[in-house]
Amino acid sequence: MKIVAAYLLAVLGGNNSPSVDHIKAILGSVGVEVEDDRIELLLSQVKGTDLAEIVACGREKMASIPCAGAAIAVGAPTAAGGAAPAVASVAAEPEKKEDKKEVVEESDEDMCFSLFD
């Protein structure tokens, strides 16, 4: 993630094709040391790709990530009590324990770049 942030800083700073040395200089300015091969991997994956395309691809990937707390939206009870009983009945149902299933990570090959490297 540090390397991606440094790459984005370089591109937003006006360098449309930053090198390994540019990214190392950005990261070195804040005391972060990274291996050259990891930077080269990122640069090889984004070579020839516009920053807008990279961001658009990242947005598509982030849209598929589930967010916590999106299951039930609880509002304030109304004066007439119209919505409160429905919310109370949903909240009163006991939670069912889900079977623990092994989570299989998806391959990073279809991503524009490896986000967490």
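Axes here are lines fitted to C-alpha atoms, for helices over the stretch in contact, and angles run from 0 to 180 degrees between N-to-C directions. The model on screen is predicted. Two packed helices are described by the angle between their axes and the distance between the axes.

**Stop 1: helix 2 and helix 3**

Select residues 20–28, which form helix 2, together with helix 3; the two pack at an angle of about 120°, and their axes are 10 Å apart. Angles from 65 to 115 degrees count as roughly perpendicular and those over 145 as roughly antiparallel, so helix 2 is oblique to helix 3. The crossing of helix 2 past helix 3 is right-handed.

Now show side chains. On helix 2, pick Val-20, Ile-23 and Lys-24; on helix 3, their contact partners are Asp-36, Ile-39, Glu-40 and Leu-43. Coloured by class, this contact shows 4 nonpolar and 3 charged residues, with no polar ones.

**Stop 2: helix 1 and helix 3**

For the side chains, select Ile-3, Val-4 and Tyr-7 in helix 1, then Arg-38, Ile-39, Leu-42, Leu-43 and Val-46 in helix 3, which they meet. The class count for this contact is 7 nonpolar, no polar and 1 charged.

**Stop 3: Ile-39 and Leu-43**

Finally, select Ile-39 and Leu-43 of helix 3. Both belong to the contact with helix 2, and both also meet helix 1.

Note on methods:
Residues numbered from 1 in each chain as written. Predicted model: local features only at pLDDT ≥ 70, side-chain atom pairs only at ≥ 80, totals over all residues. Heavy atoms only, no water. Contact = heavy atoms within 4.5 Å. Helix = DSSP H or I, 4+ residues; strand = E, 2+ residues; numbered from the N terminus. Nonpolar A, V, L, I, M, F, W, Y, C, P; charged D, E, K, R; others polar. Parallel < 35°, antiparallel > 145°, perpendicular 65-115°, else oblique. Left-handed = near helix turned anticlockwise from the far one by under 90°.
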